[in-house]
Amino acid sequence: MVTSFEASLQTISVHHVGNPLQDERYALSDAPIELKDEIIPRLLMQYFLSPFEKTNEVYHLMHPGDDLHLNEIHYYCTDIFEDKKRFHELSQQIAKHLYSTSGHPKIKAGEVYIGYFTNVQLEGELLDAIGIFKSENKETFLKVYPQEGGFGLDYEENAININKLDKGCLIFNVQKEDGYKVVAIDQTNRSNDAVYWKDDFLKLKVRNDNFNQTNNTLSIYKNFVTQKLDDEFEMSKADKIDLLNRSMKYFKEKDTFEMDEFAGEVLGNDQAIESFKNYKNQYEEEYDTRIPDSFEISDNAVKKQARVYKSVLKLDRNFHIYIHGDKDLIEKGFDDAKAMNYYKVYFKEEE
């Protein structure tokens with residue numbers, strides 16, 4: 001999605017942001033970092049941009065009242081794009097805004113980097129972008145160096161691993177009226193304990209494109225099968241896995257999703273079809289995101305969901321059965337003598 005082989009880092013400012021709930025302060029630098037040689041910019045480019053090469057979701061900045069002028073990041077970035085001479089001054093305001101939204105006790109202090117990039121490619125278009133990044137986790141590195149008669153050993157504490165960016169976003173200078181195009185990552189807070197980066201600091205909304213339509217539909221269907229179906233039908237885990245496999249097969253083989261076609265081919269039961277459509281409508285209302293009944297299927301979204309679609313039947317601690325095909329080749333029963341459940345599996349040859 002994002003490529004940076006033509007990109008250039010024009011300027012960067014670094015500040016420190018603490019956690020106000022821990023009585024930590026922020027510290028603002030007086031001027032941008034002086035990039036003296038070619039090595040530091042190259043390392044920074046690797047640290048900041050390479051994590052976005054595998055991102056597919058594109059966001060927009062938003063504000064709950066639909067007034068983009070009230071989104072602080074949109075306001076500051078617009079001023080930077082219009083007057084680059086104010087870059088450092090506005091980077092200080094961005095750092096202050098990050099501090100004001102760091103109101104969760106689990107948020108760690110760290111350095112915040114604001115950089116201005118040119119020629120970053122997004123969706124085939126070369127664009128200027130403002131990058132905002134935060135490093136929270138430090139590591140200790142060993143250094144081995146030659147000396148007379150052999151080698152010496154030293155270490156450096158509280159150093160940054162350039163292969164592990166904690167948080168970051170790129171705001172691209174395009175589609176300003178829609179909230180710009182934005183890509184974002186948060187590697188450190190995968191739980192709901194501190195979702196401040198995307199929700200409170202940036203205020204992002206997912207762009208409703210075919211990637212997210214595909215991703216959301218597969219996610220909704222997975223939750224429907226694993227959580228909702230038990231309320232209305234008596235189903236074995238093998239039957240549920242079969243329904244998941246059939247849905248994944250549909251998305252891998254088709255170019256376009258059609259709701260009625262999908263429901264008929266995958267669910268094939270009028271009551272279940274109606275229940276799924278209602279479940280999907282509830283999701284759309286809860287998250288204020290409409291998913292059309294027809295859209296082009298995104299292969300990248302299918303690959304992403306395939307990693308979390310489970311086709312494994314776990315039996316106590318003794319066996320795992322991987323179900324990839326015809327569920328009619330596996331039968332469930334109960335052995336009265338052993339007072340235990342069993343599965344009978346049919347196959348033609350071992351591999």
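Is Cys77 buried or exposed? Cys77 is buried, at a relative accessible area of 0%; buried stands for under 20% relative accessible area, exposed for over 50% and partly exposed for in between, with a 1.4 Å probe and protein chains only.

1. Basis. This is a predicted model, in which local features need pLDDT of at least 70 and side-chain atom pairs count only at pLDDT 80 or more, while totals for chains, interfaces and linings use all residues. Residues are numbered from 1 along each chain as its sequence is written, and side-chain values use heavy atoms, with hydrogens and water left out.

2. Cysteines. The whole structure contains zero disulfides, a disulfide being a pair of cysteine sulfur atoms within 2.5 Å.

3. A nonpolar core is taken as a set of buried Ala, Val, Leu, Ile, Met, Phe, Trp, Tyr and Cys residues joined through side-chain atoms within 4.5 Å. The largest has 30 residues, of which Ile73, Ile132, Ile171 and Leu202 touch the most other members. Elements giving two or more residues to this core include helix H2 (72-82), helix H3 (87-100), strand E6 (125-135), strand E9 (167-172) and helix H4 (196-202). Helices (H or I, at least four residues) and strands (E, at least two) are DSSP runs, numbered from the N terminus. H3 gives the most to this core, namely six residues.

4. Ile73. Apart from neighbours within four places in sequence, Ile73 is in contact with Leu61, Ile94, His97, Ile132, Ile171, Phe201 and Leu202; contact means heavy atoms within 4.5 Å.

5. Second core. A separate core of 26 residues includes Val225, Met248, Tyr250 and Ala272.

6. Aromatic pairs. Rings of Phe, Tyr and Trp (its six-membered ring) pair if their centres lie within 6.5 Å; planes under 30 degrees apart count as stacked, over 60 as edge-to-face and the rest as tilted. The count by this rule is 22 aromatic pairs. Tyr221 and Phe276 form an edge-to-face pair, at 5.5 Å centre to centre and 80 degrees between the planes. The pair links distant parts of the chain, with Tyr221 in helix H5 (residues 210-232) and Phe276 in helix H8 (residues 270-287), 55 residues apart. Both Tyr221 and Phe276 are buried. Phe224 and Tyr279 form a tilted pair, at 5.7 Å and 55 degrees. This pair also joins helix H5, through Phe224, to helix H8, through Tyr279, across 55 residues. Phe224 and Tyr279 are buried.

7. Tyr47. Tyr47 lies in helix H1 (residues 39-49) and is buried, with a relative accessible area of 3%. Tyr47 and Asn161 are 114 residues apart in sequence and 8.2 Å apart in space, C-alpha to C-alpha. Leaving aside neighbours within four places, Tyr47 is in contact with Ser135, Ile160, Asn161, Ile162, Lys164 and Leu165.

8. Strands E16 (residues 330-335) and E17 (residues 340-345) pair in the antiparallel sense over six bridges; strands pair if DSSP finds at least two bridges between them. Gly333 stands opposite Tyr342 in E17. The hairpin has four residues between the strands, and Ala339 takes a positive phi near 55 degrees.
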